[in-house]
Amino acid sequence: MATSFSKTQKANKRPGVELAAANRLYAHLGFQMKPKFVAVLQDSFSADNVQQLNFARSIEAAKEINGWVGKITKGRIKDLITAAVLNGSTRLVLVSGAYFKGLWKNPFNRVYTMKAPFHVVCDGGSIQTEEVEVDMMHMRKNLLYAKLKESHVVGLPYQVPLKQT
């Protein structure tokens, strides 16, 4: 994953492609971590320094985390985490944010965009999922694909702009 993250970061240096990606670790106030663990996060994933938060003040902690995510994603993701999933027992929260603006090598045809169910984790103190209806893009194409333990991943290449001379 670290290698992929490194390659992704290099894409931002190409004209016509805008990419912002960052990782941050939030730790409960006073929670001690081994310096080697923090160094691995910073070196391998370009993670910001560890930020200390009081997770017992869950509303303020969620607001801080969501503010950082909103900044990284240019306001596209505003409410990644809710106060209901944070409490005085929370010790670490690892957050990744990404923003990409560019042209897909294989653009989606708007005609094939339709409403479909999407499963999200909802509030309530326990891990539950809720189904919401969202716009889903569809395409038939041979693409890189992987089925992991708890997710499916697809590679969607983007257009590499011609070098400017």
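Start by selecting serine 58, which is found in helix H3. Keep in mind that the model is predicted. Is Ser58 buried or exposed? Its relative accessible area is 18%, and because the cut-off for buried is under 20%, serine 58 counts as buried. Now show what touches it. Leaving aside neighbours within four places in sequence, serine 58 is in contact with Ala83 and Leu86.

**Helix H3**

Colour H3 by burial. The buried positions are Ser58, Ala61, Ala62, Ile65, Asn66, Trp68, Val69, Gly70 and Ile72.

Step just past the end of the helix. There, lysine 74 takes a positive phi of about 55°.

**The cores**

Next, show side chains for the largest nonpolar core, a set of 14 residues. Select Tyr26, Phe55, Ile65, Trp68, Leu86, Val93 and Val95: these have the most contacts inside the core. E1, H3 and E3 each supply at least two of the core residues. Which element gives the most? H3 does, with six residues.

Centre on isoleucine 65. Leaving aside neighbours within four places in sequence, isoleucine 65 is in contact with Tyr26, Leu53, Phe55, Ile81, Leu86, Val93 and Val95. Leu86 is also a contact of serine 58, where the tour began.

Then move to a second, separate core. This core has six residues, including Ala27, Met33, Leu41 and Ala47.

**The second largest pocket**

For the last stop, select Trp104, Phe108, Pro117, Phe118, His119, Met136, Met137 and Leu156. These residues line the second largest pocket. How large is its volume? The pocket has a volume of about 290 Å³.

Highlight strand E4, residues 114-122. E4 gives the most to this lining, with three residues. Finally, colour the lining by residue class. Seven of the lining residues are nonpolar, one is polar and none is charged.

Methods. Residues numbered from 1 in each chain as written. Predicted model: local features only at pLDDT ≥ 70, side-chain atom pairs only at ≥ 80, totals over all residues. Heavy atoms only, no water. 1 Å grid on protein atoms, 1.4 Å probe; cavity = no way out; pocket = protein on both sides within 12 Å on 5 of 7 lines; lining within 4 Å. Points joined across faces, edges and corners; volume = space filled by probe spheres on them. Helix = DSSP H or I, 4+ residues; strand = E, 2+ residues; numbered from the N terminus. Nonpolar A, V, L, I, M, F, W, Y, C, P; charged D, E, K, R; others polar. Buried < 20%, exposed > 50% of the residue type's maximum accessible area, 1.4 Å probe, protein only. Core = buried A, V, L, I, M, F, W, Y, C linked by side-chain atoms within 4.5 Å. Contact = heavy atoms within 4.5 Å.
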